[in-house]
Structures are given as C-alpha cells and as structure tokens.
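Biologist: I'm new to this one and would like to talk through its side chains. Could you put it up on the screen?

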Amino acid sequence: MKAVKARRGKRKMIKTRKSLVLFLCCGNTCRSPMAEMIFNQRIKEAGIRGIKARSFGLQTFCDDVISDKAVEALGRIHIEADPKRHARQLTKAWIDKASYIVCMTLAQVRMLFDICEAHCIMQFNGGKEIEDPYGQPQEVYDRTADELEFAVDEMIAEITDNVRRRMKPFDNM
C-alpha cells in the first residue's frame, strides 16, 4: 500500500479556523509524538494554516522522554525531533481545547468513550491500528513511522479537501 503524499513545494497558503488535533497513545514516547511531528510538518507542506497537532499519553511517566528509536525513525523520513522532549499526560483541559482526537487503537478510543469523542487512526490507515513499538527493534519503529506517515497523509488529504470545499476541516471524518 503506497502512501498518497500531500503536495509539496511553493503553494498558496490556505487559512482556516484555528483547530487542534490531539494524537494519543499509551505513554507518549513513541507513536503519538511521531504522529504529531509528522502531522505538523505535512500540514505546513500542504499550505494549510491554523491547524496544529499536539500529542499526549493516557498513562505517562513524568520523567519519560521520546524514545531514541522514535527519534531515529523520524530522522529517516526527514523529520527532526527533540530527543529531550518529555512525555505529556492527557488532561481534561487539553480535551476541551481539541477539535479532533485521534487514538492509535480502538482500545484507547473505548477508554475515552464516556469522556469525549475520539477516533481511531485506523480509518486513515487501511483499517489497521498502529501497534505499540515500545521495546521492539529499530525496524519496528521504522515501520511504525511509515504507517503513521501514510495515515497522516490520508488524514491531511481529507482535511485539505474539506477546506477547499469551504467546509470545516474535520467535517465527514
């Protein structure tokens, strides 16, 4: 399955209503920070202003930082990550600020069912959840980055289409 890349290069910027996408995973050291960084780079490359992503964990440890393997996997797809970036715990305040919440698995969506509306990234990833690479070899992190890149590109393609049709960025998603 080949990812459909957002068009890159010089483009007219499209300004939209300020929106915040939250990417969530367990510990906020692997999947969700990778998704956040990929999304923020790709949305900028797509020429859309006003939409930003942040990432959080559902069960973080305060001293954890982004995984070295996640940093390496991001570097392989030309995204620079701060290796000192600390894990962030999801709070109600961030949920209230969010326009769209994306979890890596259906189990995480179910955890949030009574709290907020959340979506599973599988709707942008060919029906597949993004499995946790924590503790796995570098190849698994690289594959995770590739899957996230594909899913984020699909998500941004839908957002771009909505914005160009003068709809809200997350309508029909």
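**Side chains that pair up**

Modeller: Let's start with Asp-132: its relative accessibility is 36%, so it counts as partly exposed. Keep in mind that this is a predicted model.

Biologist: Why is Asp-132 called partly exposed?

Modeller: Buried is under 20% and exposed is over 50%, so Asp-132, at 36%, counts as partly exposed.

Biologist: What makes Asp-132 and Arg-31 a salt bridge?

Modeller: The cut-off is 4 Å from nitrogen to carboxyl oxygen, and here N to O is 3.7 Å. Asp-132 lies in the loop between strand 4 and helix 5 and Arg-31 in helix 1, so the pair ties together parts 101 residues apart in sequence.

Biologist: And Arg-31, buried or exposed?

Modeller: Arg-31 has 2% relative accessibility, so it counts as buried.

Biologist: How do you know that Arg-42 and Glu-149 form a salt bridge?

Modeller: Their closest N and O atoms are 2.2 Å apart, and the limit is 4 Å. Arg-42 and Glu-149 also belong to a salt-bridge network with Glu-45 and Asp-153.

Biologist: Over to the rings. Why is the aromatic pair of Phe-56 and Trp-94 called tilted?

Modeller: Stacked means under 30 degrees and edge-to-face over 60, with the rest tilted, so at 40° between the planes this pair is tilted. The centres are 5.1 Å apart, and the limit for pairing is 6.5 Å.

Biologist: What makes Lys-97 sit over the ring of Trp-94?

Modeller: The charged end of Lys-97 is 4.3 Å from the ring centre, where the distance limit is 6 Å.

Terms used: Residues numbered from 1 in each chain as written. Predicted model: local features only at pLDDT ≥ 70, side-chain atom pairs only at ≥ 80, totals over all residues. Heavy atoms only, no water. Phe/Tyr/Trp six-rings, centres within 6.5 Å; stacked < 30°, edge-to-face > 60°. Lys NZ or Arg CZ within 6 Å of the ring centre and 35° of its normal. Salt bridge = Lys/Arg side-chain N within 4 Å of Asp/Glu carboxyl O. Helix = DSSP H or I, 4+ residues; strand = E, 2+ residues; numbered from the N terminus. Buried < 20%, exposed > 50% of the residue type's maximum accessible area, 1.4 Å probe, protein only.
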